[in-house]
Amino acid sequence: MSDLTKLTIAAARDAMRKGELTSADLTEACLGAIDEAGALNAFVHKTPEIAREQAKAADARRGADAPSLNGIPLGIKDLFCTKGVPSQAASNILEGFKPEYESTVTTQLFAGGAVMLGKLNMDEFAMGSSNETSCYGDVVNPWKIDDRNLTPGGSSGGSASAVAADLCLGATGTDTGGSIRQPAAFVGITGIKPTYGRCSRWGIVAFASSLDQAGPMTKDVRDAAIMLQAMAGHDPKDSTSADIPVPDFEAALTGDIRGKTIGIPKEYRMDGMPAEIEKLWADGTAMLRDAGAKIVDISLPHTKYALPAYYVIAPAEASSNLARYDGVRFGHRAKLAHGDGITEMYEKTRAEGFGHEVQRRVMIGTYVLSAGFYDAYYNRARRVRALIKRDFDQVFEAGVDAILTPATPSSAFGLGEMAEADPIQMYLNDVFTVTVNLAGLPGIAVPTGLDAKGLPMGLQLIGRPWEEADLLNVAYSLERAAGFVAKPARWW
Amino acid sequence: MLDLTYDAPKPKVIAGATGDWELVIGLEVHAQVATAAKLFSGASTQFGAEPNSNVAFVDAGMPGMLPVINEGCVAQAVRTGLGLKAEINLWSAFDRKNYFYPDLPQGYQISQLYHPIVGEGEVLVEMGNGTARLVRIERIHLEQDAGKSIHDMDPAMSFVDLNRTGVALMEIVSRPDIRGPEEAAAYVGKLRQIMRYLGTCDGNMQNGNLRADVNVSVCRPGDYEKYQATQDFSHLGTRCEIKNMNSMRFIQMAIEYEARRQIAILEDGGKVSQETRLYDPDKNETRSMRSKEEAHDYRYFPDPDLLPLEIEQAWVDDIAASLPELPDDKKARFMGDFGLSDYDASVLTAEVANAAYFEKVAEGRDGKLAANWVINELFGRLKKEDHSIEESPVSPDQLGKIVGLITKGDISGKIAKDLFEIIYTEGGDPEEIVEARGMKQVTDTGAIEAAVDAVIAENPAQVEKAKANPKLAGWFVGQVMKATGGKANPAAVNELVTRKLGL
């Protein structure tokens with residue numbers, strides 16, 4: 001394997017612009033790396049023909065003014081519909097589904113010259129925090145301890161693993177409750193969930209429509225800025241996409257955060273939080289202070305209600321969004337017994353097609369929306385959501401520019417370790433991230449250190465709505481101060 | 001303008017074994033919005049296309065597809081609301097109504113449960129003899145239609161046609177103000193008329209573009225007034241909903257049947273159970289479709305794919321300014337300006353095209369005479385040949401000239417009928433034809449007198465008889481008319497015959 005795949009997007013871009021590198025070579029290097037990394041189970045569908053075709057076209061366009069992503073090989077989360085390419089959301093129920101359309105985000109990436117290497121593994125329908133619910137099997141974290149296979153986190157586990165293992169230069173992710181930020185933290189890369197409405201949801205298989213956002217997962221903050229630039233923008237096909245100009249994110253990366261106010265929310269200091277996470281957070285705080293930011297203690301009093309509210313709202317929307325997987329028009333349809341009617345077709349198809357976690361959330365969602373429980377659960381959760389958003393609004397109004405929190409309550413855990421645990425234990429992975437989705441804010445995870453076991457850990461920065469440029473710059477400053485350069489030792 | 005006032009009609013009363021019963025009816029009318037594209041996709045709404053040819057990805061519920069509201073449908077709903085004198089909600093929102101069915105690809109219908117676009121309005125439903133029912137509209141909301149399941153094409157399989165999936169419907173919900181089967185049908189007819197005037201729904205019931213769910217209950221005389229005083233629905237009895245009626249006649253028959261069914265149960269000491277029923281026109285009966293216990297739990301919640309629908313008052317004002325004259329106003333104006341009877345004015349304003357035709361005929365002429373000719377001659381003739389007003393071979397200008405010729409005394413009513421027939425079958429300018437074919441009425445008394453003299457001279461025996469029995473004078477009039485080819489002014493002939501016979 002060549003070292004080409006270790007390049008950042010920015011470095012590869014600069015080399016290609018200078019004529020020192022071709023997309024064809026870079027793409028071949030990635031395709032080779034992917035072929036050798038079967039043990040990670042990150043890619044579930046490879047598209048070498050498309051990749052070579054796109055690389056060739058990119059090389060023909062090569063030049064000083066080619067777009068930033070021209071010729072850059074990327075992995076695409078399986079949640080994105082890609083025209084003519086299997087797009088199954090890692091679910092058996094979408095068996096054999098090849099969309100006739102291309103999602104807006106991937107359309108924009110490819111229009112910007114990006115190269116698609118293939119589709120990336122994920123938790124089924126993006127429901128999970130360990131990438132263990134995929135119909136394609138677990139994704140393995142390239143980081144290991146004592147030969148134990150670890151989770152890369154979820155739901156964008158394939159994206160995280162692929163970027164961390166240098167199989168691609170960057171990857172798309174989606175984040176409904178932390179699905180970009182938690183896996184990014186677990187594998188030591190950068191992942192940003194932009195403001196709700198910044199990226200079009202059109203053509204992305206829906207999990208929870210009011211929370212879902214696409215975002216990039218990259219090797220560093222600059223790459224996140226470059227990739228987000230291409231992914232973002234108003235789309236008339238998505239009514240919730242915002243008609244707001246997209247600033248030059250990369251140009252915002254000055255590293256100068258003097259005079260910025262960073263809030264440290266006391267409610268994120270949880271009981272039983274590992275000392276290592278505490279220290280990581282304190283170190284990060286010190287780094288931002290040293291860079292000239294003003295550090296203030298803040299309160300987001302409704303934080304403790306976020307997780308329960310999230311696990312009412314997200315399943316409620318999911319139960320409705322997933323109703324279309326009924327075996328009638330596409331995907332899996334169960335074999336029926338003689339005399340079976342439409343009800344049996346629905347029941348058998350959905351029982352066979354959906355995995356346990358998806359079934360659990362569909363049932364929770366159906367329950368919380370049902371007559372007699374709607375007010376007690378769904379409406380109450382919506383009110384909590386409004387309060388959580390108000391907490392953030394008040395803090396930002398008081399002058400806070402960004403909020404620093406841990407990204408996850410722990411470093412990566414072992415695959416299978418939570419198999420017997422109460423599902424709530426798994427849901428607790430999202431405790432620091434769901435608030436951001438509920439409030440529709442941008443949030444970014446940046447790797448800032450290793451724990452005692454030698455596993456990466458990350459911090460989360462939460463920004464003002466639509467201020468991704470500012471948020472990326474604070475993250476850039478933190479990244480430079482932390483100087484995180486560790487890479488997993490290759491074993492695959 | 002005339003201010004028309006009406007008395008409330010009497011509610012329908014059905015005599016039972018234990019006393020009288022009254023009917024209480026409320027309707028949910030589903031009107032397909034007249035637009036080229038569906039409510040949330042750009043797919044066509046054309047009726048009768050090849051199955052599954054008018055289907056966008058979002059209509060088929062494909063993964064990742066999203067709805068985008070069609071502004072034209074919103075404008076039509078606002079227009080309809082204004083036509084029903086209803087409150088327009090500048091802020092409304094869409095909700096999902098969740099249920100599984102193969103012709104509902106998303107697994108939910110996008111509707112407006114919590115915040116409809118149109119609020120309270122009213123419709124005046126005339127019931128003849130100076131009576132009319134004022135029916136209150138509770139709300140109008142926009143929603144998606146479902147597709148069509150076809151179960152009779154194959155012994156083992158069902159087929160689904162998604163062409164209608166996602167087509168915009170307005171659900172117009174009335175209060176329980178309708179008190180009889182005829183009123184229910186007349187109410188649907190009035191809604192249809194208003195929406196056709198507005199151009200917001202073509203009202204084609206055969207194609208399913210206008211359908212109604214009918215809620216029926218029965219109560220004792222006096223109970224309805226208790227409801228009115230308290231707004232307590234329990235006075236109105238337990239209702240049953242008859243689904244998906246698409247014929248005025250069947251609506252009436254179904255209500256009649258359903259009311260009698262409920263009365264029979266109550267008089268037997270039973271209880272009506274709240275349920276959804278279907279009407280079978282072949283057997284003229286309603287049958288239970290699902291009981292209250294079996295009713296779906298639709299798990300309504302706000303559709304997170306759509307932002308609340310916010311419209312501006314100025315936009316609503318623009319639509320209001322573009323509204324045509326509505327049936328009630330037009331009718332009052334026809335009665336006031338042209339002196340038409342209530343009946344004639346109703347007939348002429350039933351369809352906006354008829355009214356427009358009439359106005360052209362009547363312009364600058366005798367309105368009553370014009371109304372007679374449009375209603376009796378033209379409509380009669382068109383109906384015989386199953387032609388619509390748009391297909392009329394006689395233009396308003398041509399019919400207007402015929403009416404003008406009558407008024408001037410140029411032709412008699414009888415000749416006018418011949419002239420109408422000529423224009424209807426051959427066409428041409430009525431005034432020129434009257435000249436060219438010598439159809440003008442003879443008013444020259446000299447010529448008429450000569451004809452009278454001739455008839456008297458030729459029939460001495462008849463003269464004697466007539467002198468004995470003056471009623472026979474009519475025979476002489478007829479002979480003179482015959483001799484003049486019907487062109488003599490009948491009044492002048494009559495007068496001369498009487499005088500010459502010395503009667």
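Trainee: How much space lies in the second largest pocket, and what makes a set of grid points a pocket?

Mentor: About 960 Å³ of space lies in the second largest pocket. On a 1 Å grid over the protein atoms alone, a pocket is an open set of points where a 1.4 Å probe fits, with protein on both sides within 12 Å along at least five of seven lines. The volume is the space filled by probe spheres set on the points, which are joined across faces, edges and corners. The model is predicted: local features need pLDDT of at least 70 and side-chain atom pairs pLDDT 80 or more, while totals for chains, interfaces and linings use all residues. Residues are numbered from 1 along each chain as its sequence is written, chains are lettered from A and ligands numbered from 1 in the order written, and side-chain values use heavy atoms, without hydrogens and water.

Trainee: Which helix gives the most to the lining of the second largest pocket?

Mentor: H12(A) does, with six residues. A helix is a DSSP run of H or I with at least four residues, numbered from the N terminus, and a lining residue has an atom within 4 Å of a point. By class, the lining has 20 nonpolar, ten polar and six charged residues; Ala, Val, Leu, Ile, Met, Phe, Trp, Tyr, Cys and Pro count as nonpolar, Asp, Glu, Lys and Arg as charged, and the others, Gly among them, as polar.

Trainee: Why is the pair of Tyr227(B) and Phe233(B) called tilted?

Mentor: Rings of Phe, Tyr and Trp (its six-membered ring) pair if their centres lie within 6.5 Å; planes under 30 degrees apart count as stacked, over 60 as edge-to-face and the rest as tilted. Here the centres are 5.3 Å apart and the planes stand at 35°, so the pair is tilted.

Trainee: What makes the pair of Tyr298(B) and Tyr300(B) edge-to-face?

Mentor: Their centres lie 6.2 Å apart and their planes are at 70°, so this pair is edge-to-face.

Trainee: How do you know whether Tyr227(B) is buried or exposed?

Mentor: Buried means under 20% relative accessible area, exposed over 50%, and partly exposed in between (1.4 Å probe, protein chains only). Tyr227(B) has 1% and therefore counts as buried. Phe233(B), at 48%, is partly exposed.

Trainee: What places the charged end of Lys237(A) over the ring of Trp202(A)?

Mentor: The rule asks that NZ of Lys or CZ of Arg be within 6 Å of the ring centre and within 35 degrees of the ring normal. The charged end of Lys237(A) sits over the ring of Trp202(A), 3.6 Å from its centre.

Note on methods:
Helix = DSSP H or I, 4+ residues; strand = E, 2+ residues; numbered from the N terminus.
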